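Reader: I have a structure open on my screen and would like to talk it through with you. Could you take me through the strands and then the ligand?

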Amino acid sequence: MLRLEPAVFVKSAGRKRDFIRDDRPLVVFAGKSNVGKSSVVNCLLGRKNLARVGASPGKTTNINYFLVGDRVWFVDLPGYGYARVSQAERERWGALMEDFFAESERIRFGVQIVDGRHAPTALDRDMHALFAGCGCPFAVAANKWDKLKKSEMEPNLALIRETLDLGEDVPLLPFSAEKRTGRQELLAAISAWV
Ligand SMILES: Nc1nc2c(ncn2[C@@H]2O[C@H](COP(=O)(O)OP(=O)(O)O)[C@@H](O)[C@H]2O)c(=O)[nH]1
Ligand SMILES: [Mg+2]
């Protein structure tokens, strides 16, 4: 199992020339603004607020790098889909993602975080296409699972799988950063590849 300590924030990169490039593998986390991406990273690492929770959505289009166990990079990609960002910011996001995924040979594993309560959005599908296109193994975490009624669970999993057109081999994990649901499963999925 991946060693989680020490876990340190190292860098926030807003442009290609600031990307971290060394021989360590990247585990990449993506999701729309406010889906709980920072909370999921904190939950996995067993930390309260290493990745900043509730940082005002859509304000920073930066890629944040956390070094885990001195051996693996956890990469928190900037959130997408926040309504109140300018067209210029949206374009900056797109250009940054294009640059990032152009170096996809560095990506060892992807984690796409979606809102377990709803069908994935068009932007979730676009993000998913970037992961699928890069050829890396990945898992989808359906976060905020604690907010679902029992009767919603099976149908929502089916809806997410169908909307993202997930292959049968792609793990779709119910997750709650708040209740730590799915934490062991996601850590095991990541650990299998790093
Ligand atoms: N109920 C519930 N709330 C969550 C969960 N994960 C995150 N949140 C809340 O969702 C909001 C956004 O979380 P944050 O991690 O900042 O999202 P990010 O913008 O995707 O990084 C915060 O108020 C979190 O407390 C979860 O699993 N369950
Ligand atoms: Mg965040």
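This is a predicted model: local features need pLDDT of at least 70, side-chain atom pairs count only at pLDDT 80 or more; totals for chains, interfaces and linings use all residues.

Reader: Fine. In what sense do β5 and β6 pair, and over how many bridges?

Author: Strand β6, residues 138–143, pairs with β5 in the parallel sense, over 6 bridges, and within β6 it is Ala142 that stands opposite Val114. Between the two strands the chain passes through helix α3, residues 122–134, and this β-α-β crossover is right-handed.

Reader: And which residue stands opposite Ile113 in β5?

Author: That is Gly31; strand β2, residues 26–31, pairs with β5 over 6 bridges, again in the parallel sense.

Reader: Is β5 largely enclosed or open, and why?

Author: Strand β5 spans residues 107–115, and because 8 of its 9 residues are buried, it is largely enclosed by the rest of the structure.

Reader: Let's turn to the core; which residues touch the most other members?

Author: The largest nonpolar core has 46 residues, and those touching the most other members are Val27, Phe29 and Ala141. Leaving aside residues up to four places away in sequence, the contacts of Phe29 include Val111 and Ile113, as well as Phe74, Leu77 and Lys37.

Reader: Now the ligand: which residues come nearest?

Author: Around ligand 1 there are 19 residues, of which Gly36, Lys37, Ser38, Ser39 and Glu178 come nearest. Helix α1, residues 37–45, gives the most to this shell, with 3 residues.

Reader: How does that shell split by class?

Author: The shell around ligand 1 has 10 polar, 5 charged and 4 nonpolar residues.

Notes
Residues are numbered from 1 along each chain as its sequence is written. Chains are lettered from A and ligands numbered from 1 in the order in which they are written. A residue is buried if 20 or more other C-beta atoms lie within 10 Å of its own, exposed if 12 or fewer, and partly exposed in between; C-beta atoms are placed from the backbone. Helices (H or I, at least four residues) and strands (E, at least two) are DSSP runs, numbered from the N terminus. Two strands pair if DSSP finds at least two bridges between them. A crossover is right-handed if, with the strands pointing away from the viewer, the path from the first strand over the helix to the second runs clockwise. A residue is near a molecule or strand if its C-beta atom, placed from the backbone, lies within 6 Å of it. Ala, Val, Leu, Ile, Met, Phe, Trp, Tyr, Cys and Pro count as nonpolar, Asp, Glu, Lys and Arg as charged, and the others, Gly among them, as polar. A nonpolar core is a set of buried Ala, Val, Leu, Ile, Met, Phe, Trp, Tyr and Cys residues joined through C-beta atoms within 7 Å. Two residues are in contact if their C-beta atoms, placed from the backbone, lie within 7 Å.
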